[in-house]
Amino acid sequence: DAVAARVARGIRLGKQLGILGRIANYAENTDDPYSFNEFICNINARCRRLGLNAAIENRNYLSIDSIKNRFLVDTAVDEIIMNWKTHGNGEFILSIVSEKEIVFRNDYTETPFIKQNAGTLKDFLAQPFVKRKTGPGAGLGLFIVETASLKGDFNWTLSADEKYFSLSLFF
């Protein structure tokens, strides 16, 4: 139903604007350590809640011990997982590639836009209200990731090849 879809998009937009306000007013809480195991369990729970079957790859049994600012990291991860659900298809993979980096990766159908803008995806897609015309979102998801990372002392990047769209978080 078109009306229900528009209402759901409006509610999502309102939530995202509220999240941006919370990020802007966030005061770092250094007394709230975030263990790597808890971080991974939270990602699994979020994926299950949204009906995503995400594989976790950690071939070298790595652990990231430098995750801080739980609220900001969780906020970024929530948006990344929502983007997975909204824009991804096929395989959803979370790879722990080093003691400082995790990569969210999914299959996608390469579009002319991504092929033409592969080197500048992050710069373009992290702008507020910039969105794919085919997607239902408001264009705030990656802007929220960018805002959370700037305030939360972590970094991120995007990349795409013929098969996978990848978003990396660096702690």
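I started with Y26, which sits in the loop between helix 1 (2-24) and helix 2 (36-49). Helices here are DSSP runs of H or I with at least four residues, strands are E runs of at least two, and both are numbered from the N terminus.

Before going on, a note on what I'm looking at: this is a predicted model, where local features need pLDDT of at least 70, side-chain atom pairs count only at pLDDT 80 or more, and totals for chains, interfaces and linings use all residues. Residues are numbered from 1 along each chain as its sequence is written, and side-chain values use heavy atoms, with hydrogens and water left out.

**Y26**

Is Y26 buried or exposed? Y26 has a relative accessible area of 17%, so I put it down as buried. The cut-offs are under 20% for buried and over 50% for exposed, with partly exposed in between (1.4 Å probe, protein chains only). I then listed its contacts (heavy atoms within 4.5 Å). Skipping neighbours within four places in sequence, Y26 touches N69, F71, L72 and K151. I also checked A148: it is 122 residues from Y26 in sequence, yet the two C-alpha atoms are 9.6 Å apart.

Two strands pair if DSSP finds at least two bridges between them. Strand 5 (residues 164-170) runs antiparallel to strand 4, with 6 bridges joining them, and it is also antiparallel to strand 3, this time with 7 bridges. Strands 4 and 5 form a hairpin with 3 residues between them. Why is strand 5 largely enclosed by the rest of the structure? Because 6 of its 7 residues are buried.

**E101**

E101 belongs to strand 3 (residues 101-107). I looked for a charge partner and found none: E101 is buried with no salt bridge, and the nearest side chain of opposite charge, R105, is 9.3 Å away. For charges, Lys and Arg count as positive and Asp and Glu as negative, while His and the chain ends are not counted. What E101 does have is a side-chain polar contact of 3.2 Å with S168. That term means a pair of N or O atoms within 3.5 Å; within protein, one must be able to donate a hydrogen and the other to accept it, and residues adjacent in sequence count only if both atoms are side-chain atoms. Leaving out residues up to four places away, E101 touches I64, S95, I96, S168, L169 and F170.

**Salt bridges**

I searched the whole structure and got 7 salt bridges. The criterion is a side-chain nitrogen of Lys or Arg within 4 Å of a carboxyl oxygen of Asp or Glu.

E57 turns up in a bridge with R59 (3.6 Å, N to O) and in another with R105 (3.7 Å, N to O). The R105 pair links distant parts of the chain, with R105 in strand 3 and E57 in strand 1, 48 residues apart. I checked accessibility for these residues: E57 is partly exposed at 22%, R59 is exposed at 66%, and R105 is buried at 18%.

Then K68 and D153, whose closest N and O atoms are 3.1 Å apart in their salt bridge. This pair also spans distant parts of the chain: K68 is in the loop between strand 1 and helix 3, D153 is in the loop between helix 6 (141-152) and strand 4, and they are 85 residues apart. K68 is partly exposed at 37%, whereas D153 is exposed at 54%.
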